[in-house]
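I'll jot down what I look up as I go.

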Amino acid sequence: MDSDFRRITLPARTDQLGACFAFLNEGSKLAQLGIEDTARLDLLIEELFMNVARHAYPTGQEGSVELGWAVPRPGELHFTISDWGSRFNPLDRGPHDFSPSLAERPLGGMGIFLIKTIADSLEYEWKEGRNLLSFRYLAARAADGAS
Amino acid sequence: MLEIQANDVGKAVVLHVAGRMDAETSVEFETTCVSWIDRGAKHLVVDLAGLQYVSSMGLSKFLAVAKALQPKSGSLSLCHLEGVPRQVFEMTRLIQLFPVFDSVEAAVASL
């Protein structure tokens, strides 16, 4: 399976988000994902990529992020993202604060919640000095996160 | 890419938002809204008919603008919230925090 992955290494900077989307969209097309599935997948990747770009490396230190995808069959895409920054498992974050009050609702934290809601088989590993996060995306999932 | 067209209709400022609202482009949405609030606008109606994508950064901008309007007894209303953007508002339960309308006319009439 691993040899089937297409990979790219980018500078871990926020201005590389467009390059990240472009790389992913090759996989989305190969997996024959529709517009809505592509948008949901982009959402996942943006959250993960921006998390690395903003937090993985100390300020002033430019690091790298490696992205990879594989398409085992139409409608299914496997994705990995890894960095060599400080050890951090984004999945350790606690439940999101869904305060029904506008004043009390926090601005942040929705990204990790969306990742956990949309992705399948989400896994984190600390492996040989790198953070490695992988997931599987299956097409045409229902938006069931609010239940 | 995000396109925003603003139209002051008296009771409210209507913002027609089209394209993708991601970590990079959502800043423009917040800047535009804050600019109108600074000029005295109390009620913003955001027409999302052309919005194809919104990430958590985009969502946080909607929240920030609504929070800025709250002490002024203002409001941020959403129209034509459909497709994946609507799913994202529902997943995060943000849809409960905003008045949502089927049309710009209905949103303006509610003010």
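How many bridges join strand 4 of chain B to strand 5 of chain B, and do they run parallel or antiparallel? I find two bridges between strand 4 (residues 75-79) and strand 5, and the two run parallel. Before going on, I note that this is a predicted model, where local features need pLDDT of at least 70, side-chain atom pairs count only at pLDDT 80 or more, and totals for chains, interfaces and linings use all residues. Residues are numbered from 1 along each chain as its sequence is written, while chains are lettered from A and ligands numbered from 1 in the order in which they are written.

**The sheet of chain B.** My terms here: strands (E, at least two residues) and helices (H or I, at least four) are DSSP runs numbered from the N terminus, and two strands pair if DSSP finds at least two bridges between them. I see five strands of chain B in an open sheet, ordered 1-2-3-4-5, with mixed pairing. Strand 1 and strand 5 (100-101) are the edges, each pairing on one side only. At the strand 5 end, I find Cys79(B) opposite Phe101(B).

**Helix 1 of chain B.** I looked at residues 26-38 next: this helix has 13 residues and reaches 18 Å from first C-alpha to last. That is close to the 18 Å expected at 1.5 Å a residue, the expected span being 1.5 Å times one less than the number of residues. Which of its residues are buried? They are Ser26(B), Phe29(B) and Cys33(B). For burial I count other C-beta atoms, placed from the backbone, within 10 Å of a residue's own: 20 or more is buried, 12 or fewer exposed, in between partly exposed. Seen down the axis, the buried residues of helix 1 fall within an arc of 55°, so they line one face; the arc is that of the directions from the helix axis to the C-beta atoms. Thr31(B), Ser35(B) and Asp38(B) are exposed on the other side. What covers the buried ones includes strand 1, strand 2, strand 3 and helix 2 of chain B. After the helix I meet Gly40(B), with a positive phi near 105°.

**Where the chains meet.** I count 24 residues of chain B in contact (C-beta atoms, placed from the backbone, within 7 Å) with 25 residues of chain A. Strand 3 (43-54), helix 2 (56-69) and helix 3 (83-91) of chain B each give two or more residues to this side. Helix 2 has the largest share, seven residues.

**Two loops of chain A.** Gln32(A), in the loop between helix 1 (17-30) and helix 2 (35-55), has a positive phi near 60° though not a glycine. I find Gln32(A) partly exposed, with 13 other C-beta atoms within 10 Å. Glu128(A), another non-glycine with positive phi, is near 50° and sits in the loop between strand 4 (120-127) and strand 5 (130-138). Glu128(A) is exposed, with 8 such atoms within 10 Å.

**Confidence in chain A.** Mean pLDDT (the predictor's confidence in each residue, from 0 to 100) is 89, and 93% of residues reach 70 or more. Over residues 142-147 of chain A the pLDDT is below 50.

Technical notes: Two residues are in contact if their C-beta atoms, placed from the backbone, lie within 7 Å.
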